[in-house]
Amino acid sequence: MAQTSTMLELGTPLPDATLTDVRTGGKVTLSELEGDAFVVMFICNHCPYVKHIQSGLVALGEDYADQPVSIVAVSSNDPETYPDDAPDALARVADELGYRFPVLFDEGQDVAKAFTAACTPDFFVFGPGRTLDYRGQFDDSRPGNDLEVTGVDLRAAIDAVSAQKEVPIEQRPSVGCGIKWRPGNEPAR
């Protein structure tokens, strides 16, 4: 059953965390990211909504690789229940697709809770002051609706933040598969 973003309050400070990059084994600390815009994407391997936009995620990474934009993907799903979302599987798919951004594993699911991430995919853009300027969808494309995957909503937010312009207040929630919480670890909402 599809779930939507919780739409974290705009202006919320960037939650800090240090997570492991599934491809390199190195640590990435969110507060140490550099750039004019900081993009945190909650994704996974198994969700049909994420699979639907994978080519758009590849293009996003390529298009912003040489710009002052930090992009990271986070997977918070329980790998015991969803082995396709275990770190080794995440690394394999990231390499196969050619993601140009780190894919981080949220083993304790604390980062998903800090962001109030509810679904995959779920997108957050923070500005130079490290406060939330955008949360919501990649674009209007969904599995089965025949709309082209463009990332227009997320790209518009990144471009506005990078240019130090206001991001429109009207933002549409992302839609996707619910985060797969470990038993007993579900957030109180």
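The structure is a predicted model, in which local features need pLDDT of at least 70 and side-chain atom pairs count only at pLDDT 80 or more, while totals for chains, interfaces and linings use all residues. Residues are numbered from 1 along each chain as its sequence is written, and side-chain values use heavy atoms, with hydrogens and water left out. Helices (H or I, at least four residues) and strands (E, at least two) are DSSP runs numbered from the N terminus.

Strand 7 runs antiparallel to strand 10, and two bridges join them; two strands count as paired if DSSP finds at least two bridges between them. Strand 1 (residues 2-4) is also antiparallel to strand 10, with three bridges, and here alanine 2 is the residue opposite cysteine 177.

Proline 121 itself sits in the loop between strand 7 and strand 8.

Strand 8 (122-126) is mostly covered, with five of its five residues buried; buried means under 20% relative accessible area, exposed over 50%, and partly exposed in between (1.4 Å probe, protein chains only). In a regular strand the side chains alternate between the two faces of the sheet. In strand 8, Asp122, Phe124 and Phe126 point one way, whereas Phe123 and Val125 point the other way.

Strand 8 pairs with two strands described here. Strand 4 is antiparallel to strand 8 through five bridges, and phenylalanine 38 has phenylalanine 126 as its bridge partner. Strand 9 (residues 132-136) is likewise antiparallel to strand 8, over four bridges, and in strand 9 the partner of phenylalanine 126 is leucine 132. Five residues lie between the strands in this hairpin, where arginine 130 adopts a positive phi near 60 degrees.

Helix 1 covers residues 48-63. At 1.5 Å a residue, its 16 residues should span 22 Å, and the end C-alpha atoms lie 24 Å apart, which agrees; the expected span is 1.5 Å times one less than the number of residues. Helix 1 also has a kink of about 50 degrees centred on glutamine 54, where the bend is the angle between axes fitted to the seven residues ending at a residue and the seven starting there. Glutamine 54 is among the buried residues of helix 1, which also include Val50, Ile53, Leu57 and Leu60. An α-helix has 3.6 residues a turn, so residues three or four places apart point the same way.

What do the buried residues of helix 1 pack against? Their neighbours, in contact when heavy atoms are within 4.5 Å, include strand 4 (37-42), strand 5 (69-75), helix 2 (87-97) and helix 4 (152-162). Helix 4 buries Leu154, Arg155, Ala157, Ile158, Ala160 and Val161, and the elements covering them include helix 1, strand 8 and strand 9. Just after helix 4, glutamine 164 has a positive phi of about 55 degrees.

Threonine 116, in the loop between helix 3 (110-115) and strand 7, has a phi of about 55 degrees although it is not a glycine. Aspartate 146 lies in the loop between strand 9 and helix 4, and its phi is near 65 degrees. Is aspartate 146 buried or exposed? With a relative accessible area of 76%, aspartate 146 is exposed.
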